[in-house]
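Colleague: Could you walk me through the side-chain contacts in this one? I'd like to take them a topic at a time.

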Amino acid sequence: MLLRILTLLVLLPLPALAATYTFNTSGGTVVSGSPSICSGAWSRSGATFTCNGTLTTAANDVLTVSTATNIEVVAQAVSLTATTAGAGDRAINLRASSNQFSAGNSVVNGTVTANTGSISLSGGRVSGLVLSGCCTVTTNGTDLLGGARSNSSGISITGGTIQGDFFAANNSATFTGVDMLSGSVSG
């Protein structure tokens, strides 16, 4: 009986462990941490780190910077799962260059940008501007502390504490159940 129980325990899947990924502003290793969160390869030019694929994180992952400086992380698409990115003196500005940006319960100490895709955020917090160059910005229960902007579509903000400037270029700006501390709405 004990052998059966031990066999069953061995066969149970183990939960994924959270990892810390460090964006190194100097040296040969561009991004430290395993497994890779980039489906392609990393490159670095100054304070800009580029993944030539999709950036995908797992629950409780942490993205940090090796030195007290702000950086930009660019990937074709970005998908964060309960991740903390950046800190007060080490902001990480995240940008999806050719696809959508999504995050479930993530904290981004920096900006969130999607050049040619929509932005969908659920829970968590973003300290900087949330910007889509083309598409809808949709949030649900996300604290937006630096405003949100859609340069050619609308915004839909449900729940959360918000502040800053909110702009919807061609469609409605919808706010439901938010606590707006300060800022403006235009379009």
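Modeller: Let me begin with F175, which is partly exposed because its relative accessible area is 26%, and please keep in mind throughout that this is a predicted model.

Colleague: And F166, buried or exposed?

Modeller: F166 counts as buried, since its relative accessibility is 1%.

Colleague: How many aromatic pairs does a search of the whole structure find?

Modeller: The search of the whole structure finds three aromatic pairs. In one of them, the rings of F23 and F49 have centres 5.3 Å apart and planes at 80°, so this pair is edge-to-face. It also links distant parts of the chain, with F23 in strand β1 (residues 20–23) and F49 in strand β4 (residues 48–56), 26 residues apart. Both F23 and F49 are buried. F166 and F175 form an aromatic pair that is edge-to-face as well, with 5.6 Å from centre to centre and 85° between the planes.

Colleague: Which residues do ring pairs link into a cluster?

Modeller: The cluster consists of F23, W42 and F49, which are linked by ring pairs.

Colleague: Switching to charges, what sits over the ring of F167?

Modeller: That is the charged end of R149, which sits over the F167 ring at 4.1 Å from its centre.

Colleague: Now the salt bridges: how many does the structure hold?

Modeller: There are two salt bridges in the structure. In one of them, the side chains of R95 and E72 meet, with an N to O distance of 2.9 Å. R95 lies in strand β8 (residues 92–96) and E72 in strand β6 (residues 71–81), so the pair ties together parts that are 23 residues apart in sequence.

Colleague: What is the relative accessible area of E72?

Modeller: The relative accessible area of E72 is 24%, and E72 is therefore partly exposed.

Colleague: Which residue does D89 form a salt bridge with?

Modeller: D89 forms a salt bridge with R90, and the closest N and O atoms of that pair are 3.6 Å apart. Because a salt bridge needs a side-chain nitrogen of Lys or Arg within 4 Å of a carboxyl oxygen of Asp or Glu, the D89 and R90 contact at 3.6 Å qualifies.

Colleague: And are those two buried or exposed, or in between?

Modeller: D89 counts as partly exposed, at 45% relative accessibility, and R90, at 23% relative accessibility, counts as partly exposed too.

Methods: Residues numbered from 1 in each chain as written. Predicted model: local features only at pLDDT ≥ 70, side-chain atom pairs only at ≥ 80, totals over all residues. Heavy atoms only, no water. Helix = DSSP H or I, 4+ residues; strand = E, 2+ residues; numbered from the N terminus. Buried < 20%, exposed > 50% of the residue type's maximum accessible area, 1.4 Å probe, protein only. Phe/Tyr/Trp six-rings, centres within 6.5 Å; stacked < 30°, edge-to-face > 60°. Lys NZ or Arg CZ within 6 Å of the ring centre and 35° of its normal.
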